[in-house]
Amino acid sequence: MDLSCTPEEEQFRARLRQWLGDVLPTLPPKPSPDDWPARRVYDLGWQRLLYDAGYAGLHWPADAGGRGATPTQHLIFLEETERAGAPYVGAGFVGLLHAGPTIAAEGSAEQRARWLPPILRGEQVWCQGFSEPDAGSDLAALRTRAWRDGDDYVVSGSKIWTSHAEVADWCELLVRTDPSAPKHRGITWLAMPMDAPGITVRPLRTLAGSAEFAEVFLDEVRVPVANRVGEENDGWRVTMVTLSFERGTAFVGEVVACRRVLGELAREARKNGRWDDPLLRRRLGRLNAEFRALWRLTQWNVSEAEASGGVPGVGGSVFKLRYSHARQELYDAAACVLGDEALDLDRPWVLDRLSSLSYTIAAGTSQIQRDIVAERILGLPKGR
Amino acid sequence: MRFQLTKDQRALRDGVRQLLARRFDREALRTAVQRPGLDRALWRELGEVGFFALRLPETDGGVGLGLPEAVLAFEEAGRALLPGPLVATHLAAGTVPGAATGETVVAAVSGGLVEWLTEADVVVGDASGAVPLRSVDPLTPLHRVPAAAAPDPVAVLLTAAEQLGTATRACDLAVQHARVREQFGQPVGAFQAVKHLCAELLVRVEVARAAVYAAAVTADPADIAAARLLADEAAVRGARDCLQVHGGMGFTWESEVHLLLKRAWVRTRRAGADTESEELLAAELMA
Ligand SMILES: Cc1cc2nc3c(=O)[nH]c(=O)nc-3n(C[C@H](O)[C@H](O)[C@H](O)COP(=O)(O)OP(=O)(O)OC[C@H]3O[C@@H](n4cnc5c(N)ncnc54)[C@H](O)[C@@H]3O)c2cc1C
């Protein structure tokens, strides 16, 4: 077991740190978190800066436009950018952490050349059209239909909880292409341009007050067959690849951010006198243990992926389960530090506390993750 | 960075696991509960394979390995629920004659307690005025002492390693039972309520494992404190949930589940427990 970095890795870290120090002060002020058009511009602008500096798609394979960096270098990248308080991927989330890796793993050479460079350059925002009103946890129950008409699929149905749909250029869309097949079999993965005729996006307001996700209605939308990633009716397998990315790597950088928040909370508590309360102190101390351990688990998982090469395994579910609850505890502790001010939406951490409530739901609820851990890691029988 | 067990480390862990499976299996555990007392022959055998001298330099007759290896060995001891003042004797190797070879049994004051005081040949720390307790753990005799001893970071970490091993065993036992015990015409592990208990058992084990192994590599006091907190939680809650999964069977003296819980409880009272570690980690936030 070794936690030290090689000289090359340390060099990489030092260069990155230097670059972040130079570039972060030049960034414009962050837009309001619920102004998605402004966030789109801001988040893509940051991605472009990363691209120009050679940090875009760091861990993607070179033939997908990436830099072929090792998982450890990617980890260093996430650690340093979060520590420096650099912008979060934001609107780039689905493209960079989700659709992109899926296309890189499952797409044809042509598809990779078409979609991956613009994602890396920060020119496109992607959204994820998986969930439907009657197919959330039971994702494979989705009913949005697609049938062949010449060189196109014609798609009708609706999607829900589609994050950033309002500002997205592309949608990774799951559709049912064979209604008579068993439910996991007849599904296909399509890349749908969001400006195609027949698409209506109706923003949904979240409990935090912002319109971060939307309902998407699809009325005979034509999507070229060339936009299909993977085989027809093989979309479930492709999706499992996507989901393992979502659970495996998407939250990694956030652990570092949580550790930063914890330090800020301690300093705030010292300022307002609540630090003298031993119960609060101990609570923050325990959270320190929690996020340290989650960071170690990340390093462990990354080392394991480095050894086995590539797609993260179901171990991501173990991480996601613990992290999503820890994040909620962090912001509950923040509320203790703030006291009455925790009820003021203009105070820092209050919106974060609200948005943390989604972590045990989005990307597969905790209940579903526990099923995955129990059945796929522990080998317990299926059944209810 | 290669934060995975090396081949040598895996071999060491497997070696200790095999030795303990041979010398202290489930039957031996039951027998020990019926006739509590320290098995001196086993103690010497542990000494012979280098369990106590693991971190002693080779020039001093030790094995010359480091904290990560010690942690792996202690994890296996925790998994086997091996009784005795293992941590105290290990720490005494090189300073107390005979400790390294397992000839001498060394107990130590930790927090406000001493484990195995009357069976020990040597006691480290001030045990004057020690008063016996009727120990909750049938395999750990306990004395209270008036003067509490401050935590030694290595002892805190090795305790965490033992807790990790016990937590792992709790998870294994729960999963095994959930696979075979049938009710309502199917294995109870097919019921989501049971399945989710098992999943949480594993999550706590894996998070604790990452913390304990990392602390073994860095030997950083904050990492050690974090490891201890997570491992204590994994062992205690793991044993409780394991008991729940076993139903009425889990509440019997014959089942070994209560032994896991009781040992885990005893270890949570050693120096470096929750309050101390939480305060250390709180202070570290200000650093
Ligand atoms: C902020 C946010 C952003 C999102 N972004 C996207 C996105 O961009 N694209 C997208 O496609 N989706 C997105 N989602 C949807 C998300 O994936 C679903 O909300 C989630 O999978 C749960 O589905 P559901 O909401 O239909 O809840 P339901 O499936 O109706 O679940 C309701 C409750 O029942 C429980 N439950 C359901 N089935 C079981 C079971 N078998 N066993 C035990 N308990 C069960 C659940 O755990 C939950 O507690 C987002 C959700 C949120 C909150």
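Q: Why does A:Glu306 count as partly exposed in this predicted model?
A: Its relative accessibility is 28%. Buried means under 20% and exposed means over 50%. The value of A:Glu306 lies in between, so A:Glu306 is partly exposed.

Q: Where is A:Glu306 found, and what does A:Glu306 touch?
A: A:Glu306 is found in helix α8 of chain A, residues 278-308. Not counting residues up to four places away in sequence, A:Glu306 touches A:Thr70, A:Pro71, A:Thr72 and B:Met1. The contact cut-off is heavy atoms within 4.5 Å. A:Pro71 is 235 residues apart from A:Glu306 along the chain, with 6.1 Å between the C-alpha atoms.

Q: Why is A:His184 called partly exposed?
A: A:His184 has a relative accessible area of 39%.

Q: What does A:His184 touch, and where is A:His184 found?
A: A:His184 is in the loop between β4 (170-176) and β5 (187-193) of chain A. Leaving out residues up to four places away in sequence, A:His184 touches A:Ala140 and A:Trp236. The C-alpha atoms of A:His184 and A:Ala140 are separated by 5.6 Å, and the two are 44 residues apart along the chain.

Q: Why does A:Glu132 count as buried?
A: The relative accessibility of A:Glu132 is 7%. Buried means under 20%, so A:Glu132 is buried. A:Glu132 sits in the loop between β1 (126-129) and β2 (145-149) of chain A.

Q: What makes the pair of A:Glu132 and A:Arg143 a polar contact?
A: A polar atom of the A:Glu132 side chain lies 2.7 Å from the backbone nitrogen of A:Arg143. The cut-off is 3.5 Å. Beyond four places in sequence, the contacts of A:Glu132 include A:Leu142, A:Arg143, A:Ser158 and A:Leu174.

Q: Why does A:Arg205 count as exposed?
A: A:Arg205 has 68% relative accessibility. Exposed means over 50%, so A:Arg205 is exposed.

Q: Where does A:Arg205 lie, and which backbone oxygen does the side chain reach?
A: A:Arg205 lies in the loop between β6 (199-204) and β7 (213-224) of chain A. The side chain of A:Arg205 reaches the backbone oxygen of A:Gly209 at 3.0 Å. A:Arg205 also touches A:Ser210 and A:Ala211, with residues up to four places away in sequence not counted. The C-alpha atoms of A:Arg205 and A:Thr360 are separated by 19 Å.

Q: Why does A:Ser366 count as buried?
A: A:Ser366 has 3% relative accessibility. Buried means under 20%, so A:Ser366 is buried. A:Ser366 belongs to helix α11 of chain A, residues 366-377. Leaving aside neighbours within four places in sequence, A:Ser366 is in contact with A:Leu321, A:Ser324, A:His325 and A:Thr360.

Q: How do you know that the buried residues of α2(B) line one face of the helix?
A: The buried residues of helix α2 (26-34) of chain B are B:Leu29, B:Ala32 and B:Val33. Seen down the axis of α2(B), these fall within an arc of 100 degrees, so they line one face. An α-helix has 3.6 residues a turn, so residues three or four places apart point the same way. The cover over the buried residues of α2(B) includes α6 (153-180) and α9 (257-268) of chain B.

Q: What makes B:Asp25 a cap for α2(B)?
A: A side-chain oxygen of B:Asp25 lies 3.2 Å from the backbone nitrogen of B:Glu27. The polar contact cut-off is 3.5 Å. B:Asp25 caps the N-terminal end of α2(B).

Q: What makes the phi of B:Leu81 and of B:Ala219 worth a look?
A: Most residues other than glycine have a negative phi. Phi of B:Leu81 is positive, near 60 degrees. Phi of B:Ala219 is positive too, at about 55 degrees. B:Leu81 lies in the loop between α4 (67-80) and α5 (86-92) of chain B. B:Ala219 lies in the loop between α7 (192-218) and α8 (221-246) of chain B.

Q: Why is B:Leu81 called buried, and B:Ala219 partly exposed?
A: B:Leu81 has a relative accessible area of 0%, under 20%, so B:Leu81 is buried. B:Ala219 has 39%, between 20% and 50%, so B:Ala219 is partly exposed.

Q: How many residues line the largest cavity, and which lie nearest its centre?
A: The lining has 24 residues. A:His74, A:Phe77, A:Leu78, A:Val89 and A:Leu97 lie nearest the centre. The lining divides into 15 nonpolar, seven polar and two charged residues. The largest share, five residues, comes from α3(A). The space in this cavity is about 380 Å³.

Key: Residues are numbered from 1 along each chain as its sequence is written. Chains are lettered from A and ligands numbered from 1 in the order in which they are written. This is a predicted model: local features need pLDDT of at least 70, side-chain atom pairs count only at pLDDT 80 or more; totals for chains, interfaces and linings use all residues. Side-chain values use heavy atoms; hydrogens and water are left out. Buried means under 20% relative accessible area, exposed over 50%, partly exposed in between (1.4 Å probe, protein chains only). Helices (H or I, at least four residues) and strands (E, at least two) are DSSP runs, numbered from the N terminus. The arc is that of the directions from the helix axis to the C-beta atoms. A polar contact is a pair of N or O atoms within 3.5 Å; within protein, one must be able to donate a hydrogen and the other to accept it, and residues adjacent in sequence count only if both atoms are side-chain atoms. On a 1 Å grid over the protein atoms alone, a cavity is a set of points where a 1.4 Å probe fits but cannot get out, and a pocket is an open set with protein on both sides within 12 Å along at least five of seven lines; lining residues have an atom within 4 Å of a point. Grid points are joined across faces, edges and corners, and a volume is the space filled by probe spheres set on the points. Ala, Val, Leu, Ile, Met, Phe, Trp, Tyr, Cys and Pro count as nonpolar, Asp, Glu, Lys and Arg as charged, and the others, Gly among them, as polar.
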